[in-house]
Amino acid sequence: MSEPFEPKIVAFVCTYCTYAGADLAGTSRLKYPSNVRIVRLPCTGRISPMFILKALQKGADGVLVSGCHPGDCHFDHGNYHARRRWTVFNSLLQFAGVPEERVRFSWISAAEGRKFAELISEITEDIRRIGPFEQYHALIAETGSPAPL
Amino acid sequence: MARIGVFVCHCGENIAGRVDCSKVVLALENHPGVSVATEYKYFCSDPGQEAIKKAVREENLTGVIVAACSPRMHEATFRKACAAAGLNPYLCEIANIREQCSWVHENPDEATRKAIEITRSLVEKVKRNSELHPIEVPVTKRALVIGGGIAGIQAALDIANAGGEVVLVEREASLGGHMAQLSETFPTLDCSQCIMTPRMVEASQHPNIRLLTYSEVEKVEGFIGNFRVRVRLKARYVDPAACTGCGDCMQKCPQKKIPSEFDCGLGKRTAISTPFAQAVPNKPVIDSRYCTYFKNGKCKVCEKVCQTNAINFEMEDEFLDLEIGAIVVATGFQVQDTALYGEYGYGRYADVVTGLQFERLASASGPTAGKVQRPSDGAEPKTVVFIQCAGSRDPAKGVPYCSKICCMYTAKHAMLYAHKNHEAESRIFYMDIRAAGKGYDEFTRRAAEEDNAGYIRGRVSKLWEENGRLVVRGADTLLGRPVEVQADMVVLATAMVPQPDARELAKKLGIGCDDYGFFSEAHMKLRPVETATAGIFLAGACQSPKDIPDSVAQASAAASKVLSLFSRERLEREPVIARNNEATCSGCWGCVLACPFNAIEKKDLTDRSGNVLRRVASVNAGLCQGCGTCVTFCRSNSIDLAGFSEKQLFAEVMGL
Amino acid sequence: MSLQEHYRSQARELLAAGAVKMVVGYAEGTTPERRRPVFITEPEECSRLVLDARCRTNLAGYLLREGLLSDGREIAVYLSTEGVRTINILAAESQLSSAQVRILGFEIDRDEVKAMEGKRAADFSEAILAHKERRKKQAPDELAAKLEAMNAAERFTFWQGEFSRCIKCYACRQACPMCWCRRCVVDNNQPQWVNTSSHTLGNLEWNLVRAFHLAGRCVECGNCGRACPVDIPLHLLNRKMTGEVLEAFDHYPGMDEHQEPALASFRKDDPETFIL
């Protein structure tokens, strides 16, 4: 019998809000699945769509992109720029056939430790349900070699 | 060749209780580029830090990963330890295996696996870290204060008294701002002029303050500690050095019927004038819009009567370039255009006035010498109706916010009026009484209980003239019935709004505005006097409606920010900033638009003879705050962010 | 006089008077159906200029050839509305000065070619506005509609099939008037964000990144699709992006030369229904 599927999830978050929210989930000892790997960025404005593609190339079954709520950006309006990019890239990914459950976007403030824990649980559950991103994995396999470090 | 040290902290049981730290060490010690991997109970403790320092020295490490608590907790600690051992602090990164691993996952195997992966990906990142050095910028110890109202004067005096140089710019011909227009001030009823004018004089005579009245900020460039500001000195047509302020010119000027701005149109002034009698400096300017000579080419009466030859009709605007280290913005407010409220009859009935006009009527230095008279016929009103929130808290027609001072000044008006006229009767229509402040609630109660102010809770729906009096119809919501009051005069507590050109100034300064046009603070709670642009601070009602004590307190706070900046010779800034590759930049300026801090400038690339070949983006290290929004915008990958570089992040993601 | 003749004589006059140093237009191609760009500097050569419904290529991109406009002189160029919008974008992105571009405007309506009045890009604002309004109402073409109706897995399979044929020749990039970066992101190998190998994954990444970089900038001239040697329907991706920025931000690329790029500006109330 094969092992149950455990998805690989990569989260790109800004250090001021969502990263701090994830820390708060920790200090509050909230529990969530261990599938998520967090990449810390100074601001959502720094989160390039390329990161999402590279996470998928590394076999991620799901990606989360998250930062400060509109109006809360430490850099005043980095997240407003990010929101426009996300709108466009999200639509592009879906048009290319990447299911919307696989790439999610959220606002999580430094006070929303609970929202972070719940969202990670929810996303992990969603992706467990729809299974591994086999179509993408097939493309990775076709490249023949793992990408160089 | 990378030589990375990996230090896995147990944090007592906090990490080790869930994560098998030995396994993490085992997994990392043979990872390419890792020279040493080790674990310890508390790396943040003295012996823990010593162990890291020792490894840095002995193993000649090129990078350090501490797998421990959140970087928000101890990044600074470990970077300092690395620096002490001779390793550039920016070559140290923290793998967060406590808050984001051991504390949130129950299964030890899963937690251990995750800790290994987190650490490994950061090892990949740190291999690509480069040495960064704090950016040092010099500080020009001269402050610019924009606005010569009470906030600007207070900030200027505080800075100047502490030894800082100040340039105080005021666009009107005199210091004073709105406070100079007020009659008495709540909650103590001391005369505004009496407490204001000494401050004005002090500011004008202070050896450390350079006062530029009738001047405006034209252009602002540069960054914290190093601003370059151009100020326009508007043509006064009167040489202030020669003028003695005798006032003969004002006496003789034939243009005598110009509505006085200072008196809110209730009094008249001449074309050559000072805004008010106690003006500082007490030197008139010629208003070329009204001057007979400027209109018809003939007159020059003032020139003839001036005994010091101070009049000069040929004068032109001049520009002054200043080197400035810090800026305090204290440009104040305006009162909302009351014509928006047709139902209150402002502009239609002469005896409907604004609160500020009432101040002028009640002021001893006002057009009626302090006697409250109806503008229409000069009669003394018996009944005065005050309408509060005439614009404030009205999202439909006015502004959604509370203007904060109106409850208090309306109570004050009722009191002043009662003191001047013992037969008087005041009726105040209000929504709520907001009297939070030291001595404020007592003050409004005194108005109602001792000074015959009749408060009616409700809004006014209509106002009309009948037999030479004004009839005010409204609702008394406490009694649940309509009311009509016969009044001789109506005073509207109009909303405080931003200066009409506030957005323009914000653009010049590179600071933000809220939806209304009030300047934005960097953080509403924790950085209320700073703007998001380093080195620019806010004071007074240009940020939000404020009363005098709040404005003064904020002005002193802004001054203390300026002084703490001036306490250093040089400024150290985080080196996490963007840098542009000029070879690949195409100069599309998307980054310039996207940058929240106006930190990206256009730079000419020239050949040997100085001909411009092309223009590229150039990041101003003094202004850049390191958000990286420009990096993501740049299609050609020309801009990069130190500390979170493309190479580092690529490696971190590919290491997952 | 036919429009072809009319513009030939205009081109001749402009060159003869020295008002422009070059005319960029269309000439006969290698087969009767084809037209190719031509760069004319002598008045007597203007008889080579052709203008008919087969003149589809957006010629605006040729103006960016290194050094061509650096002497400050003017160039006349045959442009449709898409071409004029391209000039506006290139001016907004500081790649050229619209004052150096003398436009010979035309529009193709089915098989007919019509004149478009105006000399400078700014003269065409009404026509561009009309295009924007039309674009708002435009329904997706048959293939796009089919794709929209598919589920994600089917769409992925569709694109997998298309991108598997891509040979990474970068003809799409070469043909695109908006691809003028001095260094394209794929040519940056430190780090190599886009896989350069021509496997399907690398091809998918390249095409997604290209579409993203064109979002809010593509004028839908069709140069890329015509240039693709393996007939990948690239226009579908770009059309999707154009539709998205139009719907979400009311941004139609190339309205005028002061338009801010859709992805370097924002409104506080931009839509965000997809954000959790």
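1. Accessible areas come from the Shrake-Rupley method with a 1.4 Å probe, and for residues only the protein chains shown count as cover.

2. Basis of the note. This is a predicted model, in which local features need pLDDT of at least 70 and side-chain atom pairs count only at pLDDT 80 or more, while totals for chains, interfaces and linings use all residues. Residues are numbered from 1 along each chain as its sequence is written, chains are lettered from A and ligands numbered from 1 in the order in which they are written, and side-chain values use heavy atoms, with hydrogens and water left out.

3. Chain C, overall form. A compact globule of 276 residues would have a radius of gyration near 19 Å, and the 20 Å of chain C agrees with this. The radius of gyration is taken over C-alpha atoms, and the globule rule is 2.2 Å times the number of residues to the power 0.38. The C-alpha trace of chain C spans about 60 × 45 × 40 Å along its principal axes. Of its 276 residues, 51% count as buried. Buried means under 20% relative accessible area, exposed over 50%, and partly exposed in between (1.4 Å probe, protein chains only).

4. Chain C holds nine helices and five strands, and from the N terminus on the order is α-β-β-β-α-β-β-α-α-α-α-α-α-α. Helices (H or I, at least four residues) and strands (E, at least two) are DSSP runs, numbered from the N terminus. The domain assignment of chain C gives domain 1 (3–131) and domain 2 (142–264); domain bounds come from an automatic or database domain assignment. The C-alpha centres of domain 1 of chain C and domain 2 of chain C lie 25 Å apart. Their contact takes 20 residues from domain 1 of chain C and 18 residues from domain 2 of chain C, where contact means heavy atoms within 4.5 Å.

5. Chain C, contacts and charge. Among contacts in chain C between residues at least 6 apart in sequence, 67% join residues at least 24 apart. Chain C carries 36 positive and 39 negative side chains, and the centres of the two sets lie 3 Å apart. Lys and Arg count as positive and Asp and Glu as negative, with His and the chain ends not counted; the place of a charge is taken as NZ of Lys, CZ of Arg, CG of Asp or CD of Glu.

6. Chain B, overall form. The secondary structure of chain B comes to 18 helices and 34 strands. For 656 residues the globule rule gives 26 Å, and the radius of gyration of chain B is 32 Å, well over that value, so chain B is more spread out than a compact globule. Its C-alpha atoms fill a box of roughly 100 × 75 × 45 Å along the principal axes. Five domains are assigned in chain B: domain 1 (4–127), domain 2 (149–226 + 321–332 + 501–566), domain 3 (248–305), domain 4 (335–497) and domain 5 (578–654). Between domain 1 of chain B and domain 4 of chain B, the C-alpha centres lie 68 Å apart.

7. Chain B, totals. Buried residues make up 57% of the 656 residues in chain B. The accessible surface of chain B comes to about 27200 Å², of which 48% belongs to carbon and sulfur atoms. Chain B has 78 positive and 78 negative side chains, with the centres of the two sets 3 Å apart.

8. Backbone points to check. Most residues other than glycine have a negative phi, and most peptide bonds are trans. In chain B, a cis peptide bond joins B:Phe186 and B:Pro187, with omega about -5°; B:Pro187 is in the loop between strand S8 (184–185) and strand S9 (190–191). The peptide bond from B:Val280 to B:Pro281 is also cis, with omega near -5°. B:Tyr214 has a positive phi, near 55°, and counts as buried at 16% relative accessibility. C:Asp250 has a positive phi near 50°; C:Asp250 lies in the segment after helix H9 (234–249) of chain C and is partly exposed at 41% relative accessibility.

9. A residue between chains. A:Ser91 lies in helix H3 (residues 78–95) of chain A and counts as buried at 9% relative accessibility. Not counting residues up to four places away in sequence, A:Ser91 touches A:Trp86, C:Lys240, C:Met241 and C:Glu244.
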